[in-house]
Structure formats: C-alpha cells, structure tokens
Amino acid sequence: MSQVDAQYYDKEDAGLNSKADKTALAIAEQGIVLMKNDNGTLPLAKKSKVTPFGYRYTNPIYGGTGSGSVNVKSSRIYTAQRALHEYFDTNKDVEHAMTSATARGMDSKGYQKPDEKTGFEGATDKIIEYNPDIYKGHEDSATATTGIVFIGRSGGEGSDVAANVPGSPIAGKGYFDGTPHQLALSNDEKETIKFAKAHCKKLVVVLDSSNVMEIGDLLDQGSAISADAVLWVGGPGAQGFKAMAEILSGEINPSGKTVDTWMTDTMSDPSMANFGNAQYKDLYLLQGGYPTPVGKPTPMDFIEYEENIYVGYRYYETVHDTGGSFTVKGKENQNYARAVQLPFGFGLSYTDFSQRLVSSHQDGDKMKLSVEVTNEGKRAGRDVVQAYYHPPYTDFDAQQGIEKSTVNLIAYEKTDDIQPGASQTIDLAIDAEDLASYDYQRQNPDGSKGSYLLEAGDYAISVNRDSHEQYGSANLNVPSTVWYDSTHMRTSDKDAQSKLDNKGKPTGKSLDGKAFKAPSNLFQSLSDHMVKTSQLTRSKGPLTNTASFPTKEEKADFKHEGFNYTTDDKGKMTLQQADVNTDKLLGNVKGSKVYTTQAPRTKASNGLTLSDMRGASYDDPRWEKLLDQLDLKDSSLYVALAASYDQTAQISSISKPATVDFDGPQGIVGSITDAKEYTAYPTEPIIAATFNKNLVHDMGDMVGQEAASAGVNSWYAPAANIHRAPFSGRNFEYFSEDPVLSGAMLTSEVSGAASRGLIATIKHFAINDQEMYNNDRSRVATWVNEQAMREVYLKPFEMAIKNARMEIKYTDSNKHKATKVMRGTTGVMNSMNYIGATWAGASYALNTELLRDEWGFRGLEISDMVMNAGSNSVDQALRSGTDSWMAWGTAFTSLIKDKSSPTGVSVIRRAVKNMSYAIVNSHTMNGLAPGTEITYRTSPWKIWLAGADALVLVFALAMAVVMVRRTKDSRLHPDRYKPRKKKGDTVTVDSGNEELIGEVHEE
C-alpha cells in the first residue's frame, strides 16, 4: 500500500526571523525618500556629531493604529535612538533634556497631556511635541553638530487625521496656536526647527508620517525654517530607523520615490471639499451591536467624490496642462510650482542618473519601450523608470462626460544597483487596451450601457523623472476607435473569465461555461447621482476645482436615491435590509438573481472530504457531491458563515478544518493578536515607494512563512484603497494615490504570500477610502461615478484578482504529487460603507457581478467587522456574494433566517464552497492527504467564542491563549506538527491546539 506525500509546502527558511528582518530593512532602504539635499548636506560621515530634536525621536511612529498597530515593546524594534547611537556621535545633553521632559499635546483648546492611541478609535488628534524651551541652555553643545529634527504624524483605523472640516474635533477652530490642521507644522515644531537651524551647522528634518504634510517652508530656500535636507521615512516599521541611519551615513544610497503628490495647501485639494461628515436629514441606520446583533438607530452620513477621476497628480498635472490655475492658501491664480511641493514619483539620490529612450516599437496594439539608465555620478545606486500615457481629449469626450487626465502612470520598473559610469537597459511593455477610458453613457449593441473606449489618435507615452518632468516620449497610434463591448472584449477581461491551464495561462474556455461578459454599468444610480453634483470636468475648458460640500437642501434630498427605509410617525427614516421573501433582486421570488426551485441534497454519504478537492478546478463535479454532504443542523456551519472574526469554524460534514486568521497590514503584528515577535514591516506607502515589485513579492513570501510558523491560515491584508485625500486616517494602510502603482504592489505582495499558502484577504472592497470622524465609516453612503470607480478606486483590486498567481502542489488521482499554477487572490474583504444606497457587503453588483462574473474571482469574500456596521441582514449579504460575516460571538448566526428554502440552501452551499475553495488550496491543508477526515474533541470556535458571548475581552484573551500555546508548542516540539505514520493506512495529525484526527484511506 503506497504512502501519500501530503507535504505540500516547504518548511520555513532557517533563520526566518533574521531573513524577515532583512526583508523589512531592504524595503525601508529602498522606500525611504530623500526629498531635499542642498549642497551635499547628506550623507553625513559615520560617527560625526549630531544633535537630535523632537518628540518623535524619543517616541517614534512605527505604523498606524488599530489593525496596523505595532508592538513597540518588541525586542525586534529598532528605535530611532538606537539608530543614531550606532551610526553617529549623538548629543547626549539634548537627548537627556528630551527624555527628562514631558511632552504636551495640543488641541483646539490648549495644551493637554499626550494621548497616544493604538486602538480602533483612530490615532490621536493632538499635535504632540516638547516645549521648545527645554533646549535652552544647550546652545553650545549643538554647535558644530548636524541637527536632526524628527517630525511625526500618526493615522489610524477609526478616525481621520484632523482637518478643519465638519465632524472633525477642530472643525471651525483649528489648533490652539493657530496651526490650521494636523498636517501643518505647529509653532512648537517650528520653534524647535529654528533653534536647530540657529545653533547647528546643518539642519536635517526627518518626516515620520504616512500622510503627506505641508512642508513648503522646509523646502523653500528663503524660509525661516528652511532645511538643508529632508528625509521621509513614512511609517518605518521595526527596521526602518536602521535604514534611515544607513541612508544618513551614506551606507545606503536612497532610491525611494513619492507615492503621493505633496501639495502646498492640503485643504485646497479638491477631495477636501467632500471630506468632512455630511449628515442626511432624518435618515438613520440600525447599527450592529454586541451581544445584541441589532443596535439602536444612528445618523447616516454621505460623501460625494466630486473630484471625479482627478485624484492626486491627475488633478495637478491636468490643471497645469490645460492652462488652469490653483488656489493656494487663499491666493487665487497660482501656478503649478506654487501648488505642488513635490510631485508624485519624486525622489533624490546621492548620485545622478540620466535616462534615454533608446527605442520604441509598436506591433499592433502592443508597444515595447527600451530605456537606458546611466549612473552619471560617483556612487552606486538604483533608479526607477516611470512611463506615463497622455491620451487625446476630444469633442466626443466632452459630449459624453468622459474625463481624461493628461498624465497617467502606465508602467514602471526599478533598476538594479548601477555602478558609477555603468548603464542598465529596462524594457517596458505597454498594451493599448490599458489606455482605454470608461464611458458610462454609452449604449451598447447588446442593450447594456457603459463600455471601455479606446479612441483613435496618438497617445504619447513618456519616460519620466516623476509625474511632472519628462526625459522623452514616443507615440502609440490607435488607427481607429475601439469599443470594448461584447463584440470586442478587452483581452484582460476575457482572460480573467477563462479557465487556466496547469501553467497558469488562460485557455480561452469560460470559467463557468457561460458566455464571456464585457464590462458594463453596474452602478448606474451612483453615476446618475453624481451628474447632479458639481464634479470636476474638462468639458468646459481648463480643469477647475468646482467641488463643494453638500448644502442643507442636498442633505435632505435622498428619498429617490434607492434607499430602503421605513418612516415612523415623527418622520424619522430608518434603513432596512431586504426582505428575502419578497425582494425582487435577491429574494425567494421568480426572476431574482439567486432564485431557484431546485432543492439541493443534504446529509448525503458520498465519502468525500475537503482534502480531496485540493487542486481541483472550481467547476469540478465533485464539489457538488461534497456539498451534498452538508448537515444544515450543524451549528458549526452557521458559526463559519456568521461568526468569522479571526477564525473560521470547522464544518465536520465535509471535514473542513477550523482556521486562524490574523490582521495586520504591516505583517501579522496587529494589536489584537499575540504575534508580538513577528516582523513589523514598513507601512504600505513606504512599501510602494520602493517601486520594486520583486522586493514586495519577497515580503509577501516572508509574511507567508511567518504565518505558517504561527499557525495562521489567512491574513486580513494587504489593503488597496486609494489615498484619495491627504487626511485619510488609514493612508498608512494603503499604498498610494495612484491605482496602477497600488495594483502592481498588491499583486506582487499577494502572489508572494500565496506562494507560501497564505490566504491574503485583500481589502477594503470597495470605495472605503476614509474613516470619517467618530468612526462613521460604517454609516456613510459613498457616491462616485462609474468611470472614477473603475479607473481609480476598483483598479488595484481588479489588477490583483486578474494577475496574481500561485503555484500549488496537490495529490493527483494516481496518488502522485503534482503541481499547477492557480490564481493567487483567493480572499477578499468587503467594506463597512454603503456603495450609494446599498451596503457594500450586501451589494450583488459589487460582490458577484463585478468581482466574480466580470473579474473571475474564485474564493472567500468576508465582510468587514460588523460589530459597528450598519447592515443587520446576514441573509442579504450571503445572497449578494459575501460568504462569511466577520463578527465576535455567535449572536449574528441568528440572523441567518432562511435555512430551508431551495434558494436559501443554495446560497449557503455557495458560500461554503467559496470558503472551502480558498482554504483547501492554502497552507491549511499541509499534511492532510486526500480522504482525511477531521474531527475535534472540542470545537475551536467554542473555545474562542464562548468567552465572547459573555465578554468581548474574554474572547480576545481566549484567542491569544490558543495562539500562544500553538506557537510556543510548535517551536518546542516541531515534530508534533508533522504527519505521524502508524501501522496500516492511517495518518494522524495533531493540530497543536486541539486533537485533530485525520485518516487517509486508499481507494
């Protein structure tokens, strides 16, 4: 009798902690951006004398708050103090003055105690700094040293950075000392900089912030606080301050590029007109609660993305190129140089690079660019080749309401380390269909509305230093206009909906046997709404910022937007979820999207287990036989569907094991886990600033290995929302203002994690680009037209779902180990907000028609935390395409009302299938050969959730205890986590936290 080798994944690398730290260090080394360096101020000589200043030197910001919290007490944290001590001769007198002092936190009322936050209520809204008077008396010690001033701003889950907008704690007031908002420098910070500038021979400013800041005075030569050098370290994670010291000392040559436009006046950015909390008049939603799943009515907000597609550099470059002007600090008719401190894609080096477009060759709808990068300086270093396209804007565009940015990133690559005098040639491939715009007004031949459009004409493809400065360009010619409708689909859409061969290549055969589906309007009501607003447009001449905050009348004008609500006798309108018995879209009525009269089988004895399905295609007929075994009376089934916070419950009837899921955009280091000694990577803006896809793939690989070593099966990350506005609280958790850069980074990170069997659950899907104030992200309706949705906000998710790949090993029908390449994105988390009038987690258009039918996603979609979300219908979420409900405790399982109708049972089967498909093709199944039956003496979800039903904190503790035991035991006794062969035909596997008995029988 042959033995089955079910070891599908290689053992984690030896010295994993060290390798992970090196990867985190490499990201910081290549992501930190040198923004200014006058007269060769940097690099400094090693062991030269430096004087540090600023609260963020002694109390740095390593990441964000909430899901992105970093355990600052970890032994693997490399502090700013340690960095300067190891590389330089640090002024101990000034350092002692800081460590002996108490900082003060400034709000609108005055100076308070510092209130650093790490939880889910957002980061502090105070500007924290030492009183500059503490430096008096230390003038002589600072003389002949280089002053290094640390300035920091923190963002966090649950609230946005404080801007002077409605809902903000500083609304209508600003800060006590006159500082207008949290992204401006305070008087304490300015006075500290002035002291350093007056008494040190040189001044370097280090920016410890994942949000852009107003630093014009630091950059301007004539300013009283002009710095000699400025270094942006973002959220540096555990190793970033070491990278900072390496760069300051010249050991590393900086090569990072900005991932956002650093505008002079953050409040004049068009996004800020619609950033504060705009509250509907008399409209409420039933907020989720704990332990009662339906809470009390709370006011409903809304937000309108009136900036249209003109996000970040797309706005600033288009205004400049179309002859428009800007308003900066209240001054009108300002030019680009006044409005933009630093453009997107900007970053200095200690050497000089030149780039030359060597050749461009167009072959039909494809173009290849060859760019020669030469190091003209005296130090080895890396550079980034950035390609942008510049589309023609036509009368037809103006008539149709099609918007086009004059500058759009289309491709990029980072060079290797180039030696002085040497060159490297970088090849970039451009596909014409990627230059297409979306027209949500077009009537298609098949009767649908909306299509991608590639208009005839010349499209300049430029090679740039950054979004504003070009090296050279070539034209890609489109001889005739192309509509990418059902008669001529984009290749990427057809490939996404195609089956893959074992090498991961599209076969041209439909995934589900149905006709291929071209993109068309799925969010018509949002586009119709936005047409009535003052959204930005080029149709009337030069692009102008016309965005405005909703009026009193607009706040009351929502009754025809499609909201489903009831009205009481006092006029209070309360949002309701769909009635599954009568809803025409998702109900048990003929013609609904999910309706069926065919009752599925249950409790069948087909002899299959989930482990049989590893490597099987999504349409393998064995899936139906496996699902026929479901027992609808098994309580664990509903826990898996409606109580999936940081875990999914086992489903015994199909031998689906329980899983452990961790949060954390900077690795598995979230504050709510026990992963105290795992790697804290830099924040996503610094990851993106590397412009290095291979390095980011390596990060995903490392996170995957760390997760495997910790017994973690799914990772609630990476996040790929857009830096729509400079004040967004979770910009630390998102890559960039640019969708192509964000999508490429997301694809690489997911592919790396998936290669190690980790389910990377990309989030927050979708249009959840700010936290609002008072955690109102869960009770806000987001309005945006479909062109902006598709081209900006959905684009990163689309790229990762279409392009991420993973190679898996599985056992074939002959009991031999085989390999195949599959799509790598198997997890998606949707968002808390409403998409127009429909909660994101209950949107069939979003979760099924777009995600699965159009993009070909196959896997698990989970809701965001519904403890504070506004939808209380698990049935509606399941029917829309959401497969699992993230919530503490089992209370929400009671909201699965339909467990018996043919439609209700079919929906449950589909959700279980999607969840199981992701899990079976992950590291969860390592060591579990086909036929493995899984049973638990005590269900893990009962251990984890029993405490939560009494108290949320008990749940968190129970989960931590389980993971501590699992992690520590696996390190002490690694043999326990390998299959142990016994006599006969049985393999027994010990899960490490419960007894997990698996049997493999030869057939």
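At what angle do helix H18 and helix H19 pack, and how far apart are their axes? Select residues 693–710 for H18 and residues 739–755 for H19. This is a predicted model, and in it the two helices pack at an angle of about 35°, with axes 6 Å apart. Their crossing is right-handed.

Now show the side chains where the two helices touch. On the H18 side, pick Lys693, Val696, His697, Met699, Gly700, Asp701 and Gly704. Facing them in H19 are Ala744, Met745, Ser748, Glu749, Ser751, Gly752, Ala753 and Ser755. Colour this contact by residue class and you will find 5 nonpolar, 7 polar and 3 charged residues. As you turn the view, keep in mind that an α-helix has 3.6 residues a turn, so residues three or four places apart point the same way.

**Next stop: a covered strand**

Select residues 49–53, which make up strand E2. Of its 5 residues, 4 are buried, leaving the strand mostly covered. Which strands pair with E2? One is strand E3, residues 89–90, which runs parallel to E2 and is joined to it by 2 bridges. Here, look for lysine 49 opposite aspartate 89. Another is strand E7, residues 146–153, also paired in the parallel sense, over 4 bridges.

**Then: an open sheet**

Bring up E16, E17 and E20, which form an open sheet in that order, with antiparallel pairing. Which strands sit at the edges? They are E16 (353–363) and E20 (423–431), each pairing on one side only. Look along the sheet to see the twist, which averages 20° from one strand to the next.

Zoom in on E16 and E17 (residues 366–375), an antiparallel pair joined by 10 bridges. A handy landmark is arginine 356, which stands opposite glutamate 372 in E17. If you display more side chains, remember that in a regular strand they alternate between the two faces of the sheet.

**Last stop: an enclosed helix**

Finally, select residues 313–321, helix H9. Why is H9 described as largely enclosed by the rest of the structure? Because 7 of its 9 residues are buried. Highlight Tyr313, Arg314, Tyr315, Tyr316, Glu317, Thr318 and Val319 to see the buried residues. Then step past the helix to glycine 323, where phi is positive, near 85°.

Technical notes
Residues numbered from 1 in each chain as written. Predicted model: local features only at pLDDT ≥ 70, side-chain atom pairs only at ≥ 80, totals over all residues. Heavy atoms only, no water. Axes fitted to C-alpha atoms, helices over the stretch in contact; angles between N-to-C directions. Left-handed = near helix turned anticlockwise from the far one by under 90°. Contact = heavy atoms within 4.5 Å. Nonpolar A, V, L, I, M, F, W, Y, C, P; charged D, E, K, R; others polar. Buried < 20%, exposed > 50% of the residue type's maximum accessible area, 1.4 Å probe, protein only. Pairing = 2+ DSSP bridges.
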